[in-house]
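Group the points by topic and keep the wording plain.

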Amino acid sequence: MSLASNKMFYVSWEAFHRATKELARQLLGQNFNAIVAVSRGGLVPAAIIARELNIRVLDSICIASYNHDQQGSLRVLKDAHLADSEQLLIVDDLVDTGETAKALRERFPKARFVTVYAKPQGKPLVDHYVTDIEQDTWIQLPWDMELAYSKPLVEGA
Ligand SMILES: O=P(O)(O)OC[C@H]1O[C@H](OP(=O)(O)OP(=O)(O)O)[C@H](O)[C@@H]1O
Ligand SMILES: Nc1nc2[nH]cnc2c(=O)[nH]1
Ligand SMILES: [Mg+2]
């Protein structure tokens, strides 16, 4: 989707931390021994989950497919070196069309794949997620935003 739809879901750092901790809670007891973070968006939730589940082994796979909100062809810029296994957890911030998730499923068929946010098209590809987001809504993540002055309502838009 594109920002042209105007529907936004704004996520604060606190909300992102809370949702990611909830994701970690869902994973408790599953005995993961390593994490692959899907860079860049998956780096922050991967660090939070690693802390909550006391996982000390992390690697990254660097994938780019969007230039801001425009989806392009998917490029793997750097692969991960950890072996595929059922104890391996793949972490990304969100799943949208599912194209990134599909590539990860092919690369790591045995691993579990989790995201914090999921839109309907990508949802069937994740093992766990926390928050449903409509397909036509753009998720604004905290690292892409800054605090800004907001005009009082009486001054009009
Ligand atoms: O389900 P999809 O339609 O494939 O979209 C999901 C992917 O898009 C974003 O990454 P992006 O490619 O923008 O790179 P980034 O993580 O570096 O921001 C997001 O972090 C997911 O990895
Ligand atoms: N920040 C952000 N990145 C995305 N990549 C694919 N979909 C999205 C989205 O809704 N928000
Ligand atoms: Mg990403």
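The points below go from the overall layout to single residues and then to the ligands.

The model is predicted. A UniProt annotation from an unreviewed entry, "domain: Phosphoribosyltransferase", covers residues 13-149.

- An open sheet of 6 strands has the order 4-3-2-5-6-7, and its pairing is mixed.
- Strand 4 and strand 7 (131-132) stand at the edges with a single partner strand each, so one side of each has no neighbour in the sheet.
- In general, strands of a sheet pair through backbone hydrogen bonds, either parallel or antiparallel.
- Strand 5 and strand 6 run parallel and are joined by 6 bridges.
- Leu89 has Arg112 in strand 6 as its bridge partner, and Ile90 has Phe113 in strand 6.
- Strand 6 is mostly covered, with 6 of its 7 residues buried.

**Helix 3**

- Helix 3 spans residues 99-107, and Thr100, Ala101 and Leu104 in this helix are buried.
- Seen down the axis of helix 3, these buried residues fall within an arc of 95°, so they line one face of the helix.
- The buried residues of helix 3 pack against strand 2 (34-39), strand 3 (58-67), strand 4 (70-78), strand 5 (88-95) and strand 6 (112-118).

- The UniProt annotation "binding site", from an unreviewed entry, covers Asp96 and Ile139.
- These positions are spread over 44 residues of sequence but cluster in space, with a largest C-alpha distance of 9.6 Å.
- Asp96 is found in the loop between strand 5 and helix 3.
- Asp96 has 23 C-beta neighbours inside 10 Å, so Asp96 counts as buried; the cut-off for buried is 20 or more.
- Leaving aside neighbours within four places in sequence, Asp96 is in contact with Lys119, Gln121 and Gly122.
- Ile139 is found in strand 8 (residues 137-140).
- Ile139 has 18 C-beta neighbours inside 10 Å, so Ile139 counts as partly exposed.
- Not counting residues up to four places away in sequence, Ile139 touches Phe9, Val11, Leu94, Tyr117 and Ile133.

**Asp93**

- UniProt also lists Asp93 for "binding site", again from an unreviewed entry.
- Asp93 lies in strand 5.
- Asp93 is buried because 23 other C-beta atoms lie within 10 Å.
- Apart from residues up to four places away in sequence, Asp93 touches Gly41, Gly42, Val44, Pro45, Thr115, Val116, Tyr117 and Leu141.

**Ile61**

- Ile61 lies in strand 3.
- Ile61 is buried because 23 other C-beta atoms lie within 10 Å.
- Ile61 and Ala50 are 11 residues apart along the chain, and their C-alpha atoms are separated by 16 Å.
- When residues up to four places away in sequence are not counted, Ile61 touches Val36, Val38, Ser39, Val76, Lys78, Asp79 and Ala80.

**Around ligand 1**

- There are 17 residues around ligand 1, of which Gly41, Tyr66, Asp96, Thr97 and Thr100 come nearest.
- Strand 3, strand 5 and helix 3 are the elements that give two or more residues to this shell.
- Strand 5 provides the largest share of the shell around ligand 1, with 4 residues.
- By class, the shell around ligand 1 divides into 6 nonpolar, 6 polar and 5 charged residues.

**Around ligand 2**

- The residues around ligand 2 are Tyr66, Leu94, Asp96, Trp138, Ile139, Leu141 and Asp144.
- The shell around ligand 2 has 5 nonpolar and 2 charged residues, and no polar ones.

Terms used:
Residues numbered from 1 in each chain as written. Chains lettered and ligands numbered in written order. Predicted model: local features only at pLDDT ≥ 70, side-chain atom pairs only at ≥ 80, totals over all residues. UniProt positions renumbered as here; feature names shortened; annotations may be inferred. Near = placed C-beta within 6 Å. Nonpolar A, V, L, I, M, F, W, Y, C, P; charged D, E, K, R; others polar. Buried ≥ 20, exposed ≤ 12 C-beta atoms within 10 Å, placed from the backbone. Arc of directions from axis to C-beta. Contact = placed C-beta atoms within 7 Å. Pairing = 2+ DSSP bridges.
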